[in-house]
Amino acid sequence: MTEKENALRVFRREKPEWLPRFEKCMKGYFPKSINERPLNWEGDDWFGIHWVPDASTNGLTAPAPGQAVIRDPERWREQLALPDLEAIDWAAEAEGFRAAQSPERLSMIMMEMGIFERYQLLLGFEDALCSFYEYPDEAGEILEALTQFKLQLVDRIMEHLKPDVVMYMDDLGTQNAPLVAPALWAEFIRARDMRIFRAIHDAGALVVYHCCGKIDTFFDQIVTMGADPYHSVQPANDTAMLKRVYGDQIVLIGGITGLDGSGFSGVPLVAALAAALGGPAGYNVALLAALGQVAAIWVGGGTLSAWAFGAVAS
C-alpha cells in the first residue's frame, strides 16, 4: 500500500494501515505564476502588495506596512485590479507540476491567501476589520469579487493541473483569540469559502482547509463547511475537545509545538522525543533532535511543528 492509498483511507473514514504523516503522503506545490506572495525574497505579489523578508519568521516574507491598495472602499472598483489569469502559461505550469509529483503521494496545490487574508492585505489590517462595520455593503462587494476570482482560479487549476488535493489557506486566529469576530466571519466569509470548496470538490479534488490560530470557539461552523481535513490544529486550541467532539466529522491535522515565529519552542519537545525513541532504537540522538528542530522551523511557514493526521480509526 502506498502513502497515497493509506491517506485516502483516512479521508474515506476507513482504518489506515498506519498513521499518515502529512509531509509523507502529500506533495505540496506552489505554482510559480500564481504569485500570492514572494516566499522568501523581496518583491511584489500579483495584487501589487510589496513583501519583505522578516527575521522573526526565519526569513519568510511579511507585507511592508502602509501600502493598502484599496484606500477608499466606496471607490474600490477604481483601485482594485484583479490579476489576469489568461496571461499565465498554463501548459508550462502543468509541466512543472507533473514533474514535481510522485505517483505514491497525493498531489497538492497550495492556494495561499484566502479571501479573508487577501482582503486584509488590500485594505490594511485595521481598516479591513473596521470596514465590516463602516462599509458593510462595499466589504461584501469586494469579497464577492475576490471569491469570483478564486473560483476562476480553481477552474484553471483543475482544468490544467488536475491535482488530487487543493490546500486553501486562510488564517483566522492569533494564538489566543480569533482575528475577527466569529459572527462577522460567518456573515462575510463562510458562505463564500464554502462555494470555493464546492467548486474544488465538483472538479474532483479534496479540500484541505488550512487555518492557523485559535478557532476552537467557532469550530462548529468550520466543521460543516465541507473541507475534508482541517489543517493546523495548533495547541492554542482545546485539541482534546476538537478530537472528542468533531473527530468523527472531519479529519484533523495538528501541530505539536507552538506558533512562536522561530520554531525554537520545539527544542525541548524534539529533544525529549529523540532521547525516548532514538536511544532504545540505537540511533544518534543528537542527529535526530537536530533533524526534528529543522522540521519544526520549516513546517508551517518557518514556525512550528511536526504534522500528523488526527485520524479516525479506533
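I take a contact to mean heavy atoms within 4.5 Å. With that in hand, I looked first at the whole chain of this predicted model. Of the contacts with a separation of 6 or more, 65% are accounted for by residues 24 or more positions apart.

**Entry 1. Overall make-up.** I recorded 12 helices and 10 strands as the secondary structure of the protein. The protein has 314 residues, and 50% of them are buried.

**Entry 2. The cores.** I looked up the largest nonpolar core and found 70 residues in it. The residues with the most contacts inside this core are Tyr119, Phe132, Ile157, Trp185, Tyr209, Phe219 and Tyr230. Another core, of 17 residues, lies apart from it; Met110, Leu206, Val208 and Val251 are among its members.

**Entry 3. Helix α7.** I followed α7 from residue 136 to residue 160 and counted 25 residues. From first C-alpha to last, the helix reaches 36 Å, close to the 36 Å expected at 1.5 Å a residue. Just after α7, lysine 162 takes a positive phi of about 55°.

**Entry 4. Aspartate 170.** I located this residue in the loop between β6 (165–169) and α8 (182–202). Is aspartate 170 buried or exposed? I found it buried, yet without a salt bridge. A salt bridge requires a side-chain nitrogen of Lys or Arg within 4 Å of a carboxyl oxygen, and the nearest side chain of opposite charge, lysine 150, is 8.0 Å away. The side chain of aspartate 170 does reach the backbone nitrogen of glutamate 117, at 2.9 Å. Not counting residues up to four places away in sequence, I listed the residues that aspartate 170 touches, including Glu117, Ile189, Asp193 and Tyr209. Tyr209 is also one of the residues with the most contacts inside the largest nonpolar core.

**Entry 5. Lysine 214.** I placed this residue in the loop between β7 (206–210) and α9 (219–222). How far apart in space are lysine 214 and glutamine 175? Their C-alpha atoms are 5.5 Å apart, although the two residues are 39 residues apart in sequence. Glutamine 175 is one of the residues that lysine 214 touches, and others include Gly173, Pro178, Ala236 and Asn237. I also noted a polar contact of 3.0 Å between the side chains of lysine 214 and aspartate 216.

How values were computed: Residues numbered from 1 in each chain as written. Predicted model: local features only at pLDDT ≥ 70, side-chain atom pairs only at ≥ 80, totals over all residues. Heavy atoms only, no water. Helix = DSSP H or I, 4+ residues; strand = E, 2+ residues; numbered from the N terminus. Expected span 1.5 Å × (residues − 1). Polar contact = N/O pair within 3.5 Å; in protein donor to acceptor, adjacent residues only side chain to side chain. Buried < 20%, exposed > 50% of the residue type's maximum accessible area, 1.4 Å probe, protein only. Lys, Arg positive; Asp, Glu negative; His and termini not counted. Core = buried A, V, L, I, M, F, W, Y, C linked by side-chain atoms within 4.5 Å.
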